[in-house]
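Please have the viewer open as you read.

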Amino acid sequence: DIRRRIELIQDFEMPTVSTKIKVSRDGQYIMAVGTYKPRVRCFDTYQLSQKFERCLDSEVVTFEILSDDYSKIVFLQCGRFVEFHSQHGHYYKTRIPKFGRDFSYHYPSCDLYFVGASSEVYRLNLEQGRFLNSLQTEASESNVCDINPVHFLFAMGTAEGKVECWDPRTRNRVGLLDCALSSVTADTEIEGLPSISALKFDGALNMAVGTSTGQVLLYDLRSSNPLIVKDHHYGLPIKSIQFQHQLDLIISADSRIIKMWNKDTGKIFTSMEPEHDINDVCLYPNSGMLMTANEAPKMNIYYIPVLGPAPKWCSFLDNLTEELEENPESTVYDDYKFVTRKDLENLGLAHLIGSSLLRAYMHGYFMDIRLYHKAKMMANPFAYEEYRREKIRQKIEETRAQRVQLKKLPKVNKELALKLIEEEGEEQQFSKKRKQKNLPSLLKDDRFKVMFENPDFQVDEQSEEFRLLNPLVSKISEKRKRKLKILEELEAQGEEEEEEPEGKASDAESSESSDDEKGWVEEVRKQRKLLRQEEKLKRQERLKEDQQTLLKPQFFEIKEGEEFRSFKDSAKKQKLMKKTLEDRLKLEEKLGTLNVSDTTVGSKQATFKLKKSEQQRKQQEAEKRHRQERKTLRRSASHLKSRRGRGRLFH
């Protein structure tokens, strides 16, 4: 990979992510911003290396090179800060009232126009060093802005999908375009209101607008309707729009794809899909070089010779491309054969695993194609004879296909298969007359293959649904059954060259179809009567069976420790289980098994009493009686003792 790679600029990358990339007007410096930490890097194309790097306090939303080289730069940062850098480094820093999203520099008046999360457009004059009166717009928020390089018309794209055009001399709005309405065409599918995400002027009259739903609209400023609407078909916001004047192309990019298309016809010239998401695209002026800022450390450089020559600082690219055209190189694995471990075992080359002759790749290995052919010849010397026999067999099959062949019907749903074959033949004749394409057959479709193999899918012709939905099936099936019998007889005999049985004449078929149409209602009535009769017979049979059957007693087993009361207890339990928790708690509170009381804290305390079984209840009653008997005995004994004592004293 290192041998085949061309590194134009040394360390042309960011630590984590690059967000914006621009080229100075003199073409000598390429500047890029990214994270993390927020920084700006300047690359010198004459030295093909990095010139300097400066770290910033917060992430950069966008930036602009005001001078021909890197000596004057303005950064719009995400913390509402506007930072100015000179040749030596940081120069000045100020803030704007609202969060900014984009800005443009008006060269005749030295004004910076800032748009963002506000209805106002803030103006900062760099000559006087102070803010001027802002422009009041109808938009709630603005996303992008641009100034025409010819007549300096200021345009801004709003979140409502509109483009407002302002004259900087009078500070009045001179035009309004509703791009959201124009982006909706018959072919486009849009979810939500499209907002403006990209804006670019081309010359004095042309303007390209990109929407958040993936459409690019090309306008002539003299008309409110777009000349052309191009859809990226990804539904992603357009990040960048560039104009390529040599071939009259527009280069539009969203986060997934870069598309180049003709601005007059809309025809696609080419497209590129990088490995990582795109943040910004920069076209090097007057060349075929394209640079991208990505969601990855490496910033990509593409050279397309058709778009233009290589820049003067890398003119050797033209010589390289000419050599590549003259001597096209084979791809990396053109002279290799991919084999699996099983293939190696069949060829007897399993002992080569781990050696330099095999290159591991995915679930197998790459080996030299010459070694593969030699090993195959040694492992199977009769491969040519097998190949020759296979070719002869194919030729014989082709000649057999020209003969009249019997229709081989499946084992399941034979009548349905015969019906489909007949319908297919009729459709083929009809399509030949009308010169239409034949539709695919249901029998050859893999999705319906199980219907003719699995017996579970057998059509039940005696079912009620089949007989009511197909009232004429009896007459149509009779003809098919006759053909089916003939085909089965021919299959049993094994006569391969037998012709198909001839059908009836066309007059007979037409008369039958007319009779079928007339007798459709009668057939339905007849089927309904038959179904009613069958239902009656089934009911009578069921009654006879019920009368004959004798009711036998059923025995139920009672668990240990339980006594049988009645079947009503189980019914009561089922009713109680169906009730809600609230109803059950109320019932238990009435019975005395639940006691709910309020506590001092404000919460509630619930006390439950477990229900006792019949055996426990009887045991407790016996214990109670026993205790009472003992008490009575003790009382009687103490009474007798007291009487005896009194008698002795009296005596």
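How do the residues of the lining of the largest cavity divide into nonpolar, polar and charged? Two are nonpolar, three polar and one charged; here Ala, Val, Leu, Ile, Met, Phe, Trp, Tyr, Cys and Pro count as nonpolar, Asp, Glu, Lys and Arg as charged, and the others, Gly among them, as polar.

This is a predicted model, in which local features need pLDDT of at least 70 and side-chain atom pairs count only at pLDDT 80 or more, while totals for chains, interfaces and linings use all residues. Residues are numbered from 1 along each chain as its sequence is written, and side-chain values use heavy atoms, with hydrogens and water left out.

**The cavity.** Searching the whole structure turns up one cavity of 30 Å³ or more (a set of points on a 1 Å grid over the protein atoms alone where a 1.4 Å probe fits but cannot get out; lining residues have an atom within 4 Å of a point). The largest cavity holds about 40 Å³ of space, the volume being that filled by probe spheres set on the points. Its lining consists of Thr19, Val33, Gly34, Thr35, Glu59 and Val60. Strand S2 (residues 29-35) contributes the most to this lining, with three residues; strands (E, at least two residues) and helices (H or I, at least four) are DSSP runs numbered from the N terminus.

**Salt bridges.** The structure holds 14 salt bridges, each a side-chain nitrogen of Lys or Arg within 4 Å of a carboxyl oxygen of Asp or Glu. Side chains of opposite charge can pair when their charged atoms come close.

| Pair | N to O distance |
|---|---|
| Glu164 and Arg173 | 3.9 Å |
| Lys263 and Asp202 | 3.2 Å |
| Asp368 and Arg370 | 3.2 Å |

Lys263 lies in the loop between strand S23 (258-262) and strand S24 (268-272) and Asp202 in strand S17 (residues 196-202), so the pair ties together parts that are 61 residues apart in sequence. Buried means under 20% relative accessible area, exposed over 50%, and partly exposed in between (1.4 Å probe, protein chains only). Lys263 is buried at 16%, and Asp202 is buried at 9%. Glu164 is buried at 3%, whereas Arg173 is partly exposed at 34%. Asp368 is partly exposed at 22%, and Arg370 is exposed at 62%. Elsewhere, salt bridges with shared partners join Arg39, Arg41 and Glu53 into one network.

How values were computed. 1 Å grid on protein atoms, 1.4 Å probe; cavity = no way out; pocket = protein on both sides within 12 Å on 5 of 7 lines; lining within 4 Å.
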